Amino acid sequence: MSGHGKRRRTSAGTGTGPARLTRRGRILAWSAGVTSVVVLGVAGVGAWVYQDLNDNIRSADVDDRIGGDRPVNLSPGSKNILVVGSDSRDGANAKYGKDLTTMQSDTLMVLHVPANREWATVVSFPRDSWVGIPACDKGDGSTSDPHHFKINEAFAIGGSGGEVAGAAACSIKTVEANTGLRIDHFMSVDFQGFKGMVDALEGIEVCPKEAIHSEKARLDLEPGCQTVRGEQALGYVRVRYGVGDGSDIGRIGRQQEFMDALAAKAKDKLTSPKALYGFLQSGTKSLTTDPDLAGIKPLYGLASELKGIPSDRLTFLTVPNYPREADIATDKANVVWQYPQATDLFTDLAKDREVDKKRLEAGAKNPLYASAVRVQVLNGTPVQGLAGTVAEQLRTAGVTVTGTGNAPAHAGATEVTYPPGLEKQAKALAARLPGVKAVQAADATAGVVTLVVGKDLDPERIR
């Protein structure tokens, strides 16, 4: 409750519409505590508080596990920060979910801070995104094979040995491989710490429009406004099935809305040193970052940069996507990213260009399904079987491959050509092939897009 008697609530609706949020609150929810630490120091509470909280933040060096084959930061001075909400299945979290690997990521997003610090963009990745998972160090002496699966599996694979460093490294490799963005920093926040932060605030008020009964999330809520804390709060941000349309997209909105309410209540309520200290203890104990962000001072520096950005230039997006069922009828559980819109988004961020959210969303209203792209794959290299390998990767992505063969001549660079009328399909295909452009050709085969595979194309980099 604020001094004006206003209460911040969250409401679980259908899960299909955008959450009504305070933009600055969503991105700065995690940094509210950092700012408060400095306030405490100025108030003379003592250096021991600063050091105590500073020591809570764990550091994990991921560089050796990521390897050297990484995207280049095309805009020196900009930052891409991977933020993971982790939901480990051991210890106090063991009751959530069964037959799952030890470490899970329920939330995955990238915060892009430009070199000029005049705007910022947060991109959320639905955890059901069907993407390519590269080979990762599992932390138990073995390495996983490249394959396609939900994007959040990367955290589980890398964390097979129980270490956040490995989990974060595999997530970074996966995001980099599928976006082309160079990840400069990472932050992992465990949900147990989140629960402690909520409890320190004596709960958060939520206002579900319909009853929520979920055995998986261990949650039973009736319609109407009520305060949730402890296990209920954790269940609320985790719940998916049994509320709204049951989608991960809906859950993203509820999580962001809840964090907005948490940030607002923290600002209003944390006026006593005792309450503030308990809140910050939980928050900092749940946090693991790369070495460069591991401390109150660097985190506060980042928060200060974000606070200077006008609220109307903080953009929040979810990667354009659609149900994979549209391409693969048997897959009713995953979503796929929409091309070329997803590539356009990642290219803008890689080149440090402010994203035009309205243009991106307008272009994503009528998705071009991958299955609507008909392509013939021709091998333009001396490597035998390469056309078949590329064709298989495209089929996995849902693209309709009409046939394979050898190109009339060797091609140094990969080419995508198309006849009149297939420009959209050709651009959607080219957007999946890093660095490739689509070109209309008078002699192109009618009714299909033609992909001539050059020696520059790595099949594992097909998106």
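Start with the salt bridges: this predicted model has 16 of them.

Stop 1: Select R461 and D69. Their side chains meet in a salt bridge, N to O at 2.5 Å. The two lie 392 residues apart in the chain. R461 sits in the segment after β20 (449-453), and D69 in the loop between α4 and β2 (79-86). D69 is exposed, at 64% relative accessible area. R461 is partly exposed, at 34%.

Stop 2: D458 is partly exposed, with a relative accessible area of 33%. Keep D69, D458 and R461 selected together: they are linked in a network of salt bridges.

**Stop 3: a pair within a helix.** Go to helix α14 (residues 386-396) and pick R395 and E392. Their closest N and O atoms are 3.9 Å apart, in a salt bridge. The two are three residues apart in the helix, so about one helical turn separates them. R395 is partly exposed at 38%, and E392 is partly exposed at 45%.

**Stop 4: a charged patch.** Select D61, D63, D64 and D292. They gather in a patch of negative charge on the surface. D61 is in the loop between β1 (58-59) and α4 (63-66).

**Stop 5: the cores.** Which residues touch the most other members of the largest nonpolar core? Select F194, Y236, F258, L262 and F279. This core has 45 residues. Helix α7 (residues 191-200) gives the largest share, five residues.

Conventions: Residues numbered from 1 in each chain as written. Predicted model: local features only at pLDDT ≥ 70, side-chain atom pairs only at ≥ 80, totals over all residues. Heavy atoms only, no water. Patch = residues over 30% accessible without salt bridge, like charges linked within 9 Å, V, L, I, M, F, W, Y side chains within 5 Å. Areas by Shrake-Rupley, 256 points an atom, 1.4 Å probe, with all protein chains shown as cover. Salt bridge = Lys/Arg side-chain N within 4 Å of Asp/Glu carboxyl O. Lys, Arg positive; Asp, Glu negative; His and termini not counted. Charge placed at Lys NZ, Arg CZ, Asp CG, Glu CD. Helix = DSSP H or I, 4+ residues; strand = E, 2+ residues; numbered from the N terminus. Core = buried A, V, L, I, M, F, W, Y, C linked by side-chain atoms within 4.5 Å. Buried < 20%, exposed > 50% of the residue type's maximum accessible area, 1.4 Å probe, protein only.
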